[in-house]
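Here are some notes to read with the model open beside you.

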Amino acid sequence: MSGKRKKGGDLTDKGDDGVEELLGALFEGRGAQQPASLEADNPLAIKLKARIEQAGPLSLHDYMEACLGDPEFGYYIAREPFGRGGDFITAPDICQVFGELLGLWCVQVWRELGQPRNGKLIELGPGRGALMSDALRAASLVPEFLQSVEVHFVETSKALRAEQEQLIKGQATEHGRDIPQLFWHDRLQDVPPGPSFLIANEFVDALPIAQTLFKQGQWFERLVGLDEAGHFTFLLADKPCPDPDGLSLISRPAVEGDIVEHRPGATILLEQIAKRASAHPLAGLLFDYGYDKRAFGDSFQALRNHQFSDPLRDPGLADVTAHVDFASLSHLAQELELTVAGPVTQREFLVALGVRERAAQLLQGQQNMIAAGQFMTGLQRLIEPDQMGSLFKVMALVGGGQPQVPGFRSPLRDQG
Ligand SMILES: C[S@@+](CC[C@H](N)C(=O)[O-])C[C@H]1O[C@@H](n2cnc3c(N)ncnc32)[C@H](O)[C@@H]1O
């Protein structure tokens, strides 16, 4: 895919210490991306067709899970999706200030929590590792924070793990910075216990969805089968299923053809977060594109080479995602006794953290006009409402010590 003010106790009040370091870091180069290759047919399509012929249509959930995570041919396992040469570009790859502000957010929350030791700085789905690299660079302004945390990544792709390690350690070495120990895990439940600072950018949208469709007064699960020509096609289950969860959160009754989406992996994720929060303080941020009121609709989509494509074509070769339903996440999180802040738009959040003031400070004295122009273009992409600013939302989840979380308590609305 892809408040201009200072306020008491917020990141912008931490003084100007370290701005020079941030300025230097701001223009660190980023590696070029490999172009994605194109194929007319592919081994995952063959594998899934054989599975359907043998055992019948797949649930949409299982189809999406295979597209993204098939151990041999899944999109995140077998491809290089990121950057200009890939299929999409994410916020940390667009502008380094994104990760830097999140690093400072973690430092601030750590202070609010009384500077606990043995903290776990956790990132879910770190992609290329750019967000954490930028966050660690900004957080190095407060060495005591970095000395008191370990970094834990939840990442299923072995290739991306290697890329993350190379980028983060490489940038730290190049700039002579110490970084905490890095660990990788397949699942959040494998991260050792401890006070947690958790960040996830565009992770939830990669968790598979199921869909149910309303037909003649009943709900039917949507499946993926084969048409007469042997191409993937949407089907409905023969038998109706129970009413989907969360219908009461939708503002109108269902009519013929309405679709409801459900994300089982997000439920498991929130349960795991709540479990961690029940044992140790926790504060986390979930960034994603999505909607803040539960609604009917089909948001299953595919992106390939920065273009939308048919999600039933070429499984494993395109990024398949669906919008994140923040209303349901918030509802469930509160049921699990987590405190929820937001969701607010990415624009509101970054502006409340002082992204514009920080950018102005960083640009002061910058001689390289081309780099400065690129930086401003990237920044606008993150916050402008017609770009990522409004579609992307962020929600904070807090448990334990109930710290005030920066970015969500601004009494002033952004004036644009
Ligand atoms: C869209 S990318 C987000 C990249 C990164 N957060 C960024 O902002 O650039 C999704 C990331 O989550 C990882 N991922 C996808 N599904 C996962 C799962 N079920 N468990 C762990 N990691 C997963 C992918 O390998 C990838 O690193």
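**Notes on the predicted model**

1. Start in the middle: the largest nonpolar core has 105 residues, and Leu 101, Leu 102, Cys 106, Ala 139 and Ala 396 touch the most other members. Helix α6 (residues 96-112) supplies the largest share of this core, 10 residues. A nonpolar core here is a set of buried Ala, Val, Leu, Ile, Met, Phe, Trp, Tyr and Cys residues joined through C-beta atoms within 7 Å. Buried means 20 or more other C-beta atoms within 10 Å of a residue's own, exposed means 12 or fewer, and partly exposed is in between, with C-beta atoms placed from the backbone. As background, nonpolar side chains tend to be buried together in soluble globular proteins.

2. Some housekeeping. This is a predicted model, in which local features need pLDDT of at least 70, side-chain atom pairs count only at pLDDT 80 or more, and totals for chains, interfaces and linings use all residues. Residues are numbered from 1 along each chain as its sequence is written. The protein chain has 15 helices and 16 strands; these are DSSP runs numbered from the N terminus, with helices (H or I) of at least four residues and strands (E) of at least two. Of its 416 residues, 46% count as buried.

3. Back to Ala 396 for a moment. Not counting residues up to four places away in sequence, Ala 396 touches Ala 283, Gly 284, Leu 285, Ala 341, Gly 342, Val 405 and Phe 408. Contact means C-beta atoms, placed from the backbone, within 7 Å. One of those partners, Gly 342, is joined to Pro 343 by a cis peptide bond, with omega near 5°. Pro 343 sits in strand β15 (residues 339-345).

4. Which residues of α10 are buried? They are Ala 266, Leu 269, Leu 270, Ile 273, Arg 276 and Ala 277. These cover an arc of only 120° around the axis, which puts them on the same side of α10; the arc is that of the directions from the helix axis to the C-beta atoms. Their cover includes β5 (196-201), β10 (282-291), α11 (326-335) and β16 (392-399).

5. Now the ligand. It is surrounded by 20 residues, the closest being Tyr 76, Thr 90, Gly 125, Gly 127 and Asn 201. The elements giving two or more residues to this shell are α3 (60-69) and α5 (91-94), and α5 gives the most, with three residues. A residue counts as near if its C-beta atom, placed from the backbone, lies within 6 Å of the molecule. As for α3, seven of its 10 residues are buried, including His 61, Tyr 63 and Cys 67.

6. Two backbone angles deserve a look. Most residues other than glycine have a negative phi, and most peptide bonds are trans. Gln 115, not a glycine, has a positive phi of about 55°, and lies in the loop between α6 and β2 (119-124). Glu 337 also has a positive phi, near 70°, in the loop between α11 and β15. Is each of these buried, exposed or partly exposed? Gln 115 is partly exposed, with 14 other C-beta atoms within 10 Å, whereas Glu 337 is exposed, with 10.

7. Finally, Phe 232 in strand β8 (residues 232-236). Phe 232 counts as buried because it has 22 C-beta neighbours inside 10 Å. Beyond its neighbours within four places in sequence, Phe 232 is in contact with Val 224, Leu 226 and Leu 312.

Terms used. Contact = placed C-beta atoms within 7 Å.
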